[in-house]
Amino acid sequence: MTALWLVIDLEATTEEGGWPLAEMEIIEIGATLVDASGHELDHFQRFVQPLRRPHLTAFCRELTHISQANIDSAQPFPTVWAQCERWLGPHRERLAGWASWGDYDRQQLLQEWHQHSLDSLLAGLPHHNLKQRFARARQLPRPVGLNMALQLAGLSFQGQQHRALEDARNTARLLPLVLP
């Protein structure tokens with residue numbers, strides 16, 4: 001039975017110059033379930049309605065291409081996360097771990113799980129920071145952004161940048177280059 005990897009990317013509320021993690025809320029979850037070669041077997045994408053700051057800033061809308069209407073019609077995080085866990089359920093036994101580009105996504109999920117008193121099957125699985133692993137594998141002086149990493153790997157970004165599922169899929173393309 002082949003091991004599977006979950007690659008997650010989140011989009012969150014923000015403003016130009018950024019907000020502290022504690023003030024950000026997830027507005028989109030993108031996840032791709034891949035084998036070790038990076039081949040996608042299934043995916044999950046949902047918008048999430050932020051509760052503390054329900055109106056997206058102009059900067060956030062422009063950066064993510066997520067409209068206020070997308071957010072207004074979305075469910076809150078606990079509902080969306082329950083949907084994600086149900087989607088993941090059948091694959092639980094084969095999951096080797098989960099990954100994201102950098103540590104932001106892991107930290108944001110930990111914050112949201114804690115804030116909403118949620119348990120997650122991901123909490124018991126190893127998380128891999130592919131940004132750090134890529135930098136080590138390529139012996140780079142410092143980690144680089146996803147787009148630069150793809151270029152260094154001879155690949156180009158596919159889809160719309162700063163959209164959760166497209167970012168997760170592009171991150172997954174780098175997975176075979178950094179897994180042991």
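## Ser100 in strand β5

Ser100 sits in strand β5 of this predicted model. Helices (H or I, at least four residues) and strands (E, at least two) are DSSP runs, numbered from the N terminus. The residue is buried, at a relative accessible area of 0%; buried means under 20% relative accessible area, exposed over 50%, and partly exposed in between (1.4 Å probe, protein chains only).

The side chain of Ser100 makes a polar contact with the side chain of His127, at 2.7 Å. A polar contact is a pair of N or O atoms within 3.5 Å; within protein, one must be able to donate a hydrogen and the other to accept it, and residues adjacent in sequence count only if both atoms are side-chain atoms. Leaving aside neighbours within four places in sequence, Ser100 is in contact (heavy atoms within 4.5 Å) with Ile8, Asp105, Arg106, His127, His128, Asn129, Leu130, Lys131 and Thr171.

## Basis of the values

Residues are numbered from 1 along each chain as its sequence is written. Because the model is predicted, local features need pLDDT of at least 70 and side-chain atom pairs count only at pLDDT 80 or more, while totals for chains, interfaces and linings use all residues; side-chain values use heavy atoms, with hydrogens and water left out.

## The sheet

An open sheet of 6 strands has the order β4-β3-β2-β1-β5-β6, with mixed pairing. Two strands pair if DSSP finds at least two bridges between them. β4 (75-76) and β6 stand at the edges with a single partner strand each, so one side of each has no neighbour in the sheet.

β1 and β5 run parallel and are joined by 4 bridges. Val7 stands opposite Ala99 of β5. Helix α4 lies across β1, β2, β5 and β6, at about 75° to β1. Helix α5 (residues 130-137) also packs on the sheet, where it touches β5 and β6 and makes about 50° with the direction of β6. For these angles, axes are lines fitted to C-alpha atoms, for helices over the stretch in contact, and angles run from 0 to 180 degrees between N-to-C directions.

## Thr32 in strand β2

Thr32 is placed in strand β2 and counts as buried, at 1% relative accessibility. Its side chain makes a polar contact with the side chain of Glu40, at 2.6 Å.

Not counting residues up to four places away in sequence, Thr32 touches Trp5, Leu6, Val7, Glu40, Asp42, His43, Ala168, Arg169 and Ala172.

## Nonpolar cores

A nonpolar core is a set of buried Ala, Val, Leu, Ile, Met, Phe, Trp, Tyr and Cys residues joined through side-chain atoms within 4.5 Å. The largest has 22 residues, and those with the most contacts inside it are Leu6, Ile8, Ile29, Trp81, Leu109 and Leu122. Two or more residues come from each of β1 (4-12), β2 (26-35), β3 (40-49), α3 (77-88), β5 (95-100) and α4 (104-115). The most come from α3, which gives 6 residues. Another core, of 18 residues, lies apart from this one and includes Ala99, Leu146, Ala149 and Leu175.

Leu122 belongs to the largest core. Beyond its neighbours within four places in sequence, Leu122 is in contact with Leu6, Ile8, Trp81, Glu85, Leu88, Trp98 and Trp113.

## Loop residues

Leu21 is found in the loop between β1 and β2 and is partly exposed, at 26% relative accessibility. Its C-alpha atom is separated by 8.3 Å from that of Tyr104, 83 residues apart along the chain. Not counting residues up to four places away in sequence, Leu21 touches Tyr104, Gln107, Gln108 and Gln111.

Two other loop residues have a positive phi. Ser117, in the loop between α4 and β6 (127-129), has phi near 55°, a positive value in a residue other than glycine; Ser117 is exposed, with a relative accessible area of 66%. His162, in the loop between α6 (146-152) and α7 (164-178), has phi near 65°, also positive in a residue other than glycine; His162 is partly exposed, at 33%.

## The chain as a whole

The protein chain has 7 helices and 6 strands, which run β-β-β-α-α-β-α-β-α-β-α-α-α from the N terminus on. Of its 180 residues, 46% count as buried. Residues 24 or more positions apart account for 69% of the contacts with a separation of 6 or more.

The C-alpha atoms fill a box of roughly 40 × 35 × 25 Å along the principal axes. The radius of gyration is 16 Å, which agrees with the value near 16 Å for a compact globule of 180 residues. This radius is taken over C-alpha atoms, and the globule rule is 2.2 Å times the number of residues to the power 0.38.
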